[in-house]
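Subject: Structure handover

Hello,

The structure I promised is below. My notes on the chain contacts follow it.

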Amino acid sequence: MSNLITRAKDSIYQVLRGLKTVAVHSLRIPTTKEYPDTMPPLPPHFRGRLALNVNPETNEHLCISCRQCERVCPDKCIEITAHKSPETNKLELIDFKIDHGLCMFCGLCTEVCPTDCIINTNDFEMADYSREALVYDIRKLTLTQGESSHYFAAKEIALPKPKPTKPAVTVTPATSTVKPAEAKTESKPAEVKTESKPEEAKTESKPAEVKTESKPAEAKTESKPEEAKTESKPEEAKTESKPEEVKTEAKLEETDIKSTDNDIK
Amino acid sequence: MLANSAELFKFTRLTLIWLTIIFGSVWGACFVVGVLIPTLLLHLGENEIFALLAQICQYLTPVIAILVFIPINAMFMVLVERRGLALFTVRMGPNRVGPDGLLQTAADAVKLLFKEDIIPTGADAWLFTLAPIIFFAPSIFGSIPLLAAITGNNDLFAITNLPTGIFFIIAASSVPVVGIVMGGWASNNKYSLVGGLRSAAQAISYEIPLVLSLVTICYLNQSLNVVEIASRQTGGFLNWNIFGGGALNGLDKYFNALINGSSNANDILQAYYPSNQWILTVIAIAGLVVSTIIAFFMYITAACAEVNRIPFDLPEAESELVSGYNTEYSGIKFAIFFLAEFTNLFIVSSIATIMFLGAGNNPIPQFLIDYLFKNVTFIPQTINAITQALSPLINQIHLINPITFWSVVWMIVKTYSLVFFAVLVRGTLPRFKIDQLMDFGWKRLIPLSLLVFFIVIFAKGVINTNV
Amino acid sequence: MSTNLDTTNLKTDEMIINMGPQHPATHGVLRLILKLDGEIVRHVEPVIGHLHRAQEWQGQNRTLFQYQALIDRVDYLSGMFTSLAFAHACEQIDGCQIPPRAQYLRALVCEMNRISSHLLWLGTFLIDLGALFGFPFYPFREREKLLDLFEEIAGQRMMFNYIRIGGVQRDPKQSWFEKVRKFTAEFPDRINEYEAIVTQNPIVLKRTKGVGILDKSVAMDYGVTGPSIRGSGINYDLRKTRPYGIYPELNFEIPLGQNQGDTWDRYMCRILEMRQSNNLINQCLDKMPEGEILGKKQIAGLRIKAGEGFAAIESPRGVLGCYVISNGSDKAYRIRWRNPSFCNLAVLPSLLIGRPISDIMAIFGSIDVILPDVDR
Ligand code: SF4
Ligand code: SF4
């Protein structure tokens, strides 16, 4: 009997101790991070969405199309389209696709990249309505100059040396430095940043697209081959563009991307 | 220390807003049905039919009050539980829908109502549909007698003042288990079946200590009428049933006399606790007080088991039986189960308040208030003035009754404190095992409640013979 | 307290229940086919394989470098340990030197991982016992802090890919070490809080004391390892019995179960182990040497010499073994995992027979099985 009473007393004491511990917790500050309102502080090495760097100083694309990342990827979710430029005999990047629906964010591709071109950004909000939308092409992958320099600084990567010899056919030829910059700024909205939705980006890039009448959405779904420009294959477009038509070239690129989008479909 | 004051403040604000909403709407409904419509009807003419209609309306008031109260209150309680648990687990809880998550449970309710109502293949469709209703209905008609006690025997609710109130409530509260067993069986799901059977076993074994602890109080108060039991506890916490059911009445009077400097203080003490055989008296009173306190905690424990709260939520043990008897329920039927569960929690808390914690009476003794505010005359004066000014409203239109008002306020405070305590328990304790539950019920609670009952009988007898 | 009632005349049909794979408390996708007599379990048959991902086969079809990124998934709650076992096996074949700093970092992150794994276990164990709404949030809060720390050095919260063949991937900053120190400083208080709520709670005691007694001989027969066997009083911890890495240089003790090896003992063992690990983290931080962190260059075509090697380490769930045969190419010829959860799960039926349903979860929770580790 006395044993029973001591046990009951002990039990009650222990329960009360537990209740007290729990009750005192109500005076602590909640640990909840109110995510959409406040972004969690992510460390620089967080392995989020993949992106391609440009040289923070000269704004040239860092990828040398060595296909190391494509080869190392365990999921085979990188697809690089490059061709050998007939003039300089150098590899030239045409398109770079990463299927983020397949990627497991292991970061191996970023480790093997010789030029620190492909990196993991801190962006993780990539939800979309279709699987196709998770396949990012070069335009969506390439970072702006500012973002690149941010990541170079945050990840403490040594800044790249500018490319020693500039290939003759790239978008930044020796013709004029002003015009390509213009083209770049115009096409900037298309390089999807963390905040802007793909649809918005499409509509924003519309003004730059003088030749195509079709709405972006339509372009995605049907993109009629009436327009000679859209029809043209990427390689042709690249090769036929003359250095003096820098602007049209930039436009061309956009239509190219539309058509390649269409190809995926 | 109070690092979390922001969240605590939000929680308090939310509680106050919801309480205003609940009692505002209940009061509005009561006013319309119980006062406004009858008055209008009587003004229409001296017709007999109108008079009859007016009478029916007045009789319907308690039902309307409960029908308005239950759904809104359940929503509020779910919100309190979620926010309360969030407080205890260093989270924030639902705070997106409406300001501070005020409307979260309203949104949930709407969602549940619009969900597809699924009747699984092989289920007994009739019983499956009937089960939530049988589970829910007793909480409506079972809580009616409480209204009289909660409202301080307001005229409108006088009809609910049953002479055998507590008996009726207990009888009603044992019906829901039929609904659970029914639902568990009709679902054609083994988990549900086990849940339903567990619930039956649990309800049967815990009804006994529950009733015995209430019977103790009824015996002490010589009444089954909740209004009477409530009215016997007026005047400070020393008169509450949890402290011996009136055994400390004399102490209360003695302190009153002492504080007021009255010369007959010792006479009062003498009258209540005669000094011949004082050892016996003291022992009896101490036994009484301890017994009733034990009875209170026994009631709380058994009530937790009755309404399937942690640590006795075996019929719906998530980790074992998926969700127990309501595994197969969805949509509005699940909503009814949910509603009934929280309503039952509220009802058992209010029974505890009425039976043990002095119902709607002020816990602070009146003489203490008088003494402390002796020099502050303007407060009673203003209160008097307001009452005077409102008296035509009170007397003629029955707009608001100060007795009812204060009674309801204290009831709310006490009942929701108990509910909040249940939330705290839910945040701390794991659940029993079914055989341990049975052990605890039959081998611990029932003998203890019988013991308490006998101690109370003897102690009361000793006191009565001595006085 | 079992009744002595003669129920032979009341014999009714046995009920077959499929517990899982979508049961809320089977820690993933375990399926238990239970034969119940009333609430008493008469027969148990665990059905596994719902989470089979062919981890061994994948290892044979990926380069070593690629496979390093995949092995965290073998046991996703303790990714550091699977990486470590694989790295140890490969280093054994290759004979490459591991820099001391890398060794210490490995021990450090492994012990952190052990704590985080045990914390998750603690939360889910209490959920299994029925404390669904309050307590489990506390261990998860601390686990969150650890995962944040992992995120900073490894890049992700659970799929670390941090321990590599020949060392570790990244050298943490000084600020990171300070954060770890801050964590270890306040962690013992947190454990005290857990213990105040759980350890002596009468309901927990009732549900765990004398429940699921794992006999020493049975445990050894089935090859149970980890805290589950130490709860039964067998001192078997590879960190002591077959020390690897820098564990010989660290000062620690192996907590053992005090009673007969019931659920409560296993619980207590893990709690003490968390305190122990906290201690070990502090020691690692104190002794952390400077220097290199990688003994082998991490390139896409990472190769090791031909040969075979087996490494076993003490993971939070028990002995985790990895067997690698290499033919000198960049792919392993054969990889075989010895997973602790698989062996620990095997003992489950013998513990469950004759117990009521409610004990299933308590016992199953206490042997700490995670299903990806079972199915690989
Ligand atoms: S992160 Fe891994 S899976 Fe994703 S693209 Fe790079 S290598 Fe492939
Ligand atoms: S490894 Fe780097 S440089 Fe090479 S193709 Fe990939 S992104 Fe371009």
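About 1,600 Å² is buried between chain B and chain A, and carbon and sulfur atoms give 67% of that area. Please keep in mind that this is a predicted model.

Chain B with chain A

This contact takes 20 residues from chain B and 17 residues from chain A. There are 2 salt bridges across the interface of chain B and chain A. A salt bridge joins A:Asp37 to B:Arg96, with an N to O distance of 3.2 Å. The interface also has 5 residue pairs in polar contact. On the side of chain B that touches chain A, helix H1 (5-44), H2 and H17 of chain B each give two or more residues. H17(B) has the largest share, with 5 residues. By class, this side of chain B has 12 nonpolar, 4 polar and 4 charged residues.

Chain B with chain C

Here 28 residues of chain B are in contact with 36 residues of chain C. The buried area is about 2,800 Å², with 62% from carbon and sulfur atoms. The interface of chain B and chain C has 1 salt bridge: B:Lys433 pairs with C:Asp359, and their closest N and O atoms are 3.0 Å apart. Between these chains, 7 residue pairs are in polar contact. At least two residues of the side of chain B that touches chain C come from each of helix H2 (48-88), helix H8 (190-221), helix H13 (318-321), helix H17 (402-428) and helix H18 (434-466) of chain B. That side divides into 13 nonpolar, 5 polar and 10 charged residues.

Regards

Key:
Residues numbered from 1 in each chain as written. Chains lettered and ligands numbered in written order. Predicted model: local features only at pLDDT ≥ 70, side-chain atom pairs only at ≥ 80, totals over all residues. Heavy atoms only, no water. Contact = heavy atoms within 4.5 Å. Buried area = accessible area lost by both parts, 1.4 Å probe. Salt bridge = Lys/Arg side-chain N within 4 Å of Asp/Glu carboxyl O. Polar contact = N/O pair within 3.5 Å; in protein donor to acceptor, adjacent residues only side chain to side chain. Helix = DSSP H or I, 4+ residues; strand = E, 2+ residues; numbered from the N terminus. Nonpolar A, V, L, I, M, F, W, Y, C, P; charged D, E, K, R; others polar.
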